[in-house]
Amino acid sequence: MKAPAKRTLTPRAVVLATAAAVALIGGTGAATAFADDDGGPAPQSSVQLSQNERHLDDTAKDRAQVKADKISQSQATAKALKAVPGTATSAELDDDDRNGSLVWEVEVFGKDHKSHEVIIDAGSGKVLSQHTDRDDDAAEDAAETQALLRADKTGHDKATDKALKAVPGTVVSYSLDDNDHNGSTIWEVDVLGKDHKSHDVTIDAASGKILNQHIDHDDNDSQGDNDGDDGDDD
């Protein structure tokens, strides 16, 4: 998948590498089905991408993932919120590097004021794992997330609806973040459009207004250009 600012979820590769290290020194974290940041097994989804599909360029990989996915982002988010009551701050359709398992990674700021990552099977909708952010920066990260949530008046549901109104297609990720230019709070939504191109849509979290939308171009899948601001009449 793409790696702009919106990809705020903890990279699964880091979790898996940590799990491997724990296993090598005889730790027990790798055997835990519902693991914390200190380790966990690779997710075993009911849907896997082929070896070739795992190594496609960004937009082509988005197409393969959306084709294989059976659970919408709204369904995945609802499953995550049932597992961890709170507020969803990001979600991403992604596949595991080791076995190609296709999952939704949903980040929830729980009612316990902690950030939780919930992994959802993209085929069955089953919760595969969940862990709580407990690294050294967890308290600082939680404070930053709370500040973003206080500024947000839109929510992920309305933000994704706005994005799909601007670009009909399938949401492959969304994230609540701050704007690098002015520090305002925004929703960043990735949509694989019906034109089979990946679109990045930026939405003001306070007003719900679309600030920008553009086609994401990777090295081997660039087709035309549609950069520019898109004002929303709503």
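Which residues of helix H3 (residues 58-68) are buried? They are Thr 59, Lys 61, Asp 62, Ala 64, Gln 65 and Ala 68. Buried means under 20% relative accessible area, exposed over 50%, and partly exposed in between (1.4 Å probe, protein chains only). Helices (H or I, at least four residues) and strands (E, at least two) are DSSP runs, numbered from the N terminus.

This is a predicted model: local features need pLDDT of at least 70, side-chain atom pairs count only at pLDDT 80 or more, and totals for chains, interfaces and linings use all residues. Residues are numbered from 1 along each chain as its sequence is written, and side-chain values use heavy atoms, with hydrogens and water left out.

The cover over the buried residues of H3 includes helix H2 (51-54), S1, S2, and strands S5 (169-178), S6 (185-193) and S7 (198-204).

Now to strand S2. In S2 (residues 102-110), 9 of the 9 residues are buried, so the strand is largely enclosed by the rest of the structure. Leu 102, Trp 104, Val 106, Val 108 and Gly 110 point one way. Val 103, Glu 105, Glu 107 and Phe 109 point the other way. In a regular strand the side chains alternate between the two faces of the sheet.

| Strands | Sense | Bridges |
|---|---|---|
| S1 (residues 86-95) and S2 | antiparallel | 9 bridges |
| S2 and S3 (residues 115-121) | antiparallel | 7 bridges |

Asp 95 has Leu 102 in S2 as its bridge partner. Val 108 stands opposite His 116 in S3.

The hairpin of S1 and S2 has 6 residues between the strands, and Gly 100 takes a positive phi near 75 degrees. The hairpin of S2 and S3 has 4 residues between them. In its turn, His 113 has a positive phi of about 65 degrees.

Methods
Pairing = 2+ DSSP bridges. Contact = heavy atoms within 4.5 Å.
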